[in-house]
Amino acid sequence: MTVIQLIVGLGNPGAEYDRTRHNAGFWLLDAIASHQGVGFASESRHQALCARFRRPGGGVVHLLKPQTFMNRSGISVQSMLAYYRLDRHQMLVVHDELDLAPGIVRLKDGGGHAGHNGLRDIIARCGGSNFWRLRLGIGRPVAGREKVADYVLARPATSEQEALTQALDSAVSYLDRMLDGDMQSVMRSMHL
């Protein structure tokens, strides 16, 4: 059983992107940091905002929000993995997911990038796709109305935001089990 020591939230830096759908990964890391009573600080060596907390058993969990923009997320991730001598299996990457409706959360082990530029860069720079992903549903734009790029970089409607907020709360409630590496149990509960 692999214990998670690094949680990466994907998003874009800057106030103009803060509340956009593509920053759902950042939102969850903010919720985790708040739940753990820790704050983020800029770490230039990793080109990221970082936080850490100690678990009751003594292990440290690192939180990473890359500040390199989405399509270069792998730079920060690769740096953190190397600096702390962590393996990809010890990492959970949290990202927005077009193929899930707003409010749906799914845990996945490995797989491709499905067109997600943050995942694509992490896979390319870190030498493989065998890491855990926590997928936060944001839904898809209505066909023919809006381009995907415009959709993910827009703010969700109020009803979508409410569903996403509930999804973040749900994901935080599974945190201890995920950090313990009890992924099969989490998937059974989460995917009902």
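This is a predicted model: local features need pLDDT of at least 70, side-chain atom pairs count only at pLDDT 80 or more; totals for chains, interfaces and linings use all residues.
On the α1 side, the contact is made by A24, W27, L28, A31, I32 and H35, which meet Q161, L164, L168, A171 and V172 of α5. Sorted by type, the residues of this contact come out as 9 nonpolar, 2 polar and no charged.

E160 and R21 form a salt bridge at 3.0 Å, N to O. E160 belongs to α5 while R21 is in the loop between β1 (6-9) and α1, so the bridge links parts of the chain 139 residues apart. Both E160 and R21 are buried. Helix α1 also supplies D30, which pairs with K65 of strand β4 (residues 60-66) at 2.6 Å, N to O. Here K65 is buried, at 8% relative accessible area, whereas D30 is partly exposed, at 32%.

Now for strands β5 and β7. E97 in β5 and R135 in β7 tie together parts 38 residues apart in sequence; their salt bridge is 3.1 Å, N to O, and both residues are buried. Those two strands, β5 (91-97) and β7 (132-137), are also among the elements that cover the buried residues of helix α3, along with α2 (73-83). The buried residues of α3 (residues 117-126) include L119, I122 and I123. Just past α3, G127 takes a positive phi of about 80 degrees.

Methods: Residues are numbered from 1 along each chain as its sequence is written. Side-chain values use heavy atoms; hydrogens and water are left out. Contact means heavy atoms within 4.5 Å. Helices (H or I, at least four residues) and strands (E, at least two) are DSSP runs, numbered from the N terminus. Ala, Val, Leu, Ile, Met, Phe, Trp, Tyr, Cys and Pro count as nonpolar, Asp, Glu, Lys and Arg as charged, and the others, Gly among them, as polar. Buried means under 20% relative accessible area, exposed over 50%, partly exposed in between (1.4 Å probe, protein chains only). A salt bridge is a side-chain nitrogen of Lys or Arg within 4 Å of a carboxyl oxygen of Asp or Glu.
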